[in-house]
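Welcome! Take a moment to look it over, then read on.

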Amino acid sequence: MAIAHSLYKAGASVILNGRGEERLIQAVNKFNGSDRVFTVAANVGTREGCELINKKFPDIDILINNAGIFSPKPIFEIRDEEWLNYFNINVLSGIRLARSYIPLMIEKKWGRVVFISSESALQIPAEMPH
């Protein structure tokens, strides 16, 4: 949310994504006006969710990939379905969105794609191997 606020204060229009409308409405209310704040409820952990975002907002200048989930659990207790869910949200969401937006950014000769991760990529907690 801090990134969205900073971009908004700098004059940018921002698009907030979340899985549910209720939390998106709460997020929009934290801005001093909603004339440049847009929302899209979609699950970025799915191909369909990423396609919905791109369909609703086909032309953006800056993409911030910040979706990430975890749950503290020993490695041998993480089922295949959980691994796939982590991978879909933590990795493929950003790849899918970048893949859909970068071609137009290249065509326009301007754009930015930012991937945000946690410090766990370098200092991996034993209970979070994913």
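Predicted model: local features only at pLDDT ≥ 70, side-chain atom pairs only at ≥ 80, totals over all residues.

**Overall layout**

- The chain has four helices and four strands, and from the N terminus on its elements follow the order α-β-α-β-α-β-α-β.
- Taken along the principal axes, the C-alpha atoms fill a box of roughly 50 × 35 × 30 Å.
- The chain has 130 residues, and 28% of them are buried.
- Looking at contacts between residues at least 6 apart in sequence, you will find that 56% join residues at least 24 apart.

**The largest pocket**

- The largest pocket holds about 1500 Å³ of space.
- Its lining is made up of 44 residues, with Ile15, Leu16, Asn17, Gly18 and Ile64 the closest to the centre.
- Several elements supply at least two lining residues each, among them the helices α1 (2-9), α2 (21-28) and α4 (80-108), and the strands β1 (14-18), β2 (37-41) and β3 (62-65).
- Sorted by class, this lining has 27 nonpolar, twelve polar and five charged residues.

**The second largest pocket**

- The second largest pocket has a volume of about 600 Å³.
- It is lined by 23 residues, and those nearest its centre are Ile69, Asn90, Ser117, Ser118 and His130.
- Helix α4 gives the most to this lining, with seven residues.
- The lining of the second largest pocket has 13 nonpolar and ten polar residues, but no charged ones.

**Aromatic pairs**

- The structure holds three aromatic pairs, and two of them are described here.
- Tyr8 and Phe31 form an edge-to-face pair, with 5.1 Å from centre to centre and 75 degrees between the planes.
- Tyr8 lies in helix α1 while Phe31 sits in the loop between α2 and β2, so this pair ties together parts that are 23 residues apart in sequence.
- Tyr8 and Phe31 are both buried.
- Trp83 and Tyr86 also form an edge-to-face pair, at 6.5 Å centre to centre and with 85 degrees between the planes.
- Both Trp83 and Tyr86 belong to helix α4, where they are three residues apart, about one turn of the helix.
- Is Tyr86 buried or exposed? Tyr86 counts as buried, because its relative accessibility is 6%, under the 20% cut-off.
- Trp83, by contrast, is partly exposed, with a relative accessible area of 31%.

Definitions and conventions
Residues numbered from 1 in each chain as written. Heavy atoms only, no water. 1 Å grid on protein atoms, 1.4 Å probe; cavity = no way out; pocket = protein on both sides within 12 Å on 5 of 7 lines; lining within 4 Å. Points joined across faces, edges and corners; volume = space filled by probe spheres on them. Nonpolar A, V, L, I, M, F, W, Y, C, P; charged D, E, K, R; others polar. Buried < 20%, exposed > 50% of the residue type's maximum accessible area, 1.4 Å probe, protein only. Contact = heavy atoms within 4.5 Å. Phe/Tyr/Trp six-rings, centres within 6.5 Å; stacked < 30°, edge-to-face > 60°.
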